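Hi everyone, thanks for coming.

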Amino acid sequence: MKRKIMATLGLAFTCPLALLAGLTSAQTAVADTGFSHITTVSETSSVNERAEALGLKLEGGAVPTASKSYSLKFPNSLTAINGIAQLDLSRWEGYTFALDDATQWLYISNSHRELVGLVTEFYGSTIDGEVSPAKVILENNMLRLSSESDNVVKYRLDYFDATVPSSTESAGQWRASLIKVPSNYVYNPKLGSLHDYCTKSPDEFPNPFGPNADFRGPCAIHDMCYERKGCASKACDAALLVNLGNNCIATYSKGATQSSCMATAGVYYSTVTAVHVFSSCP
């Protein structure tokens, strides 16, 4: 089975609710040969094309998860030397690692394009306990983490294991509060893409085994943020990604369903932020 290391997937942010400027310059390096394959996905990429670029697929509108047999012991932390930490991904045969440069999320999938795991946050911490986001690079089969501070001694990875059966998910763990649609949001698709919730993407995560995670609140807040600023704000985009993930965590306990919801939200996020045609702004 070939091992594929997918390098940075560059996304261009240009406008509103989905400005997700399409995956541009998606580079795929095949570890076995060392050759690089460059793939460019247009800004009008569909949700399915977006998922494929990330090494995933969609079934019934959701990213399917792998069975427990594909579970891998992915670390939750890495020790830094001179502020830099590296992880050799070539140890895991048969997996695809795709780093989304726009979100800095790392997707791990198997040869069936099923989600094995997802890392949504990389943070560096100093010996004094100061925490800051890490810069993530995927190259030469290595995951490389760095920081503006040379005092970072450890990096934390927020890993979602998608192979944990939903039936074993803990029902007693902490849950986030669901982000709902603001009372002053005007839903009227005739007014344009800033009044239709999740433009060109589903308004909820389709869970075949239970309740769906509602994405309307995060999308509505994103619409209102763009409308208030009058441009495709990167700050609005960042909040959208966080809020979509929040509603996954608010709806499901840790496990396959929550992981699938998070990955699906990441795919939808890119599509949503890519459909608008507004000028970009901070």
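I'll go through the strands, then the disulfides, then the aromatic rings.

Before that, a bit of housekeeping. This is a predicted model, so local features need pLDDT of at least 70 and side-chain atom pairs count only at pLDDT 80 or more, while totals for chains, interfaces and linings use all residues. Residues are numbered from 1 along each chain as its sequence is written, and side-chain values use heavy atoms, with hydrogens and water left out.

Okay, strands. When I say helix or strand, I mean a DSSP run: H or I with at least four residues for helices, E with at least two for strands, numbered from the N terminus. Two strands pair if DSSP finds at least two bridges between them.

Let's start with β9, residues 115-126. Is this strand mostly covered or mostly uncovered? Mostly covered: 9 of its 12 residues are buried. Buried here means under 20% relative accessible area, exposed means over 50%, and partly exposed is in between, using a 1.4 Å probe and protein chains only.

Which strands does β9 pair with? One is β8, residues 105-109, which runs antiparallel to β9 and is joined to it by 4 bridges. Find Tyr 107 and you'll see Leu 118 of β9 opposite. β8 and β9 make a hairpin with 5 residues between them, and in that turn Arg 113 has a positive phi of about 65°.

Another partner is β13, antiparallel again, with 9 bridges to β9. There, Phe 122 stands opposite Leu 157 of β13. Then there's β10, residues 131-133, held to β9 by 3 bridges, also antiparallel. Ser 125 faces Val 131 in β10. The hairpin of β9 and β10 has 4 residues between the strands, and Gly 129 takes a positive phi near 90°.

Now for an open sheet. It has 3 strands in the order β6-β12-β11, with antiparallel pairing. The edge strands are β6 (85-88) and β11 (135-139), each pairing on one side only. On average, neighbouring strands in this sheet are turned by 15° against each other, direction ignored. That angle comes from axes, which are lines fitted to C-alpha atoms (for helices, over the stretch in contact), and angles run from 0 to 180 degrees between N-to-C directions. Between β6 and β12 (residues 142-146) there are 4 bridges, and Leu 87 has Leu 143 as its bridge partner in β12.

Next, disulfides. How many does the structure hold? There are 3, where a disulfide is a pair of cysteine sulfur atoms within 2.5 Å.

Cys 198 and Cys 219 are joined with an S to S distance of 1.9 Å. This pair links distant parts of the chain, 21 residues apart: Cys 198 is in the loop between β13 (152-161) and β14 (204-205), and Cys 219 is in helix α2, residues 216-229. With 105° about the S-S bond, the link is right-handed. Both Cys 198 and Cys 219 are buried.

Cys 225 and Cys 236 also form a disulfide, with sulfur atoms 1.9 Å apart. Cys 225 lies in helix α2 and Cys 236 in helix α3 (residues 234-251), so the pair ties together parts 11 residues apart in sequence. Why is this one called left-handed? Because the torsion about its S-S bond is about -70°.

Then we have Cys 248 and Cys 261, at 2.1 Å from S to S. Here Cys 248 sits in helix α3 and Cys 261 in helix α4 (residues 256-272), 13 residues apart. The link of Cys 248 and Cys 261 is left-handed, with -75° about the S-S bond.

Last topic: rings. A pair of aromatic rings is described by the distance of the centres and the angle of the planes. Rings of Phe, Tyr and Trp (its six-membered ring) pair if their centres lie within 6.5 Å; planes under 30 degrees apart count as stacked, over 60 as edge-to-face, and the rest as tilted.

The structure holds 8 aromatic pairs. In one of them, the centres of Phe 215 and Tyr 268 are 6.2 Å apart and the planes are at 85°, so the pair is edge-to-face. Phe 215 is buried, with a relative accessible area of 0%, and Tyr 268 is buried too, at 3%. Elsewhere, Phe 74, Trp 92, Phe 97 and Tyr 159 form one aromatic cluster.

That's my tour, so over to you for questions.
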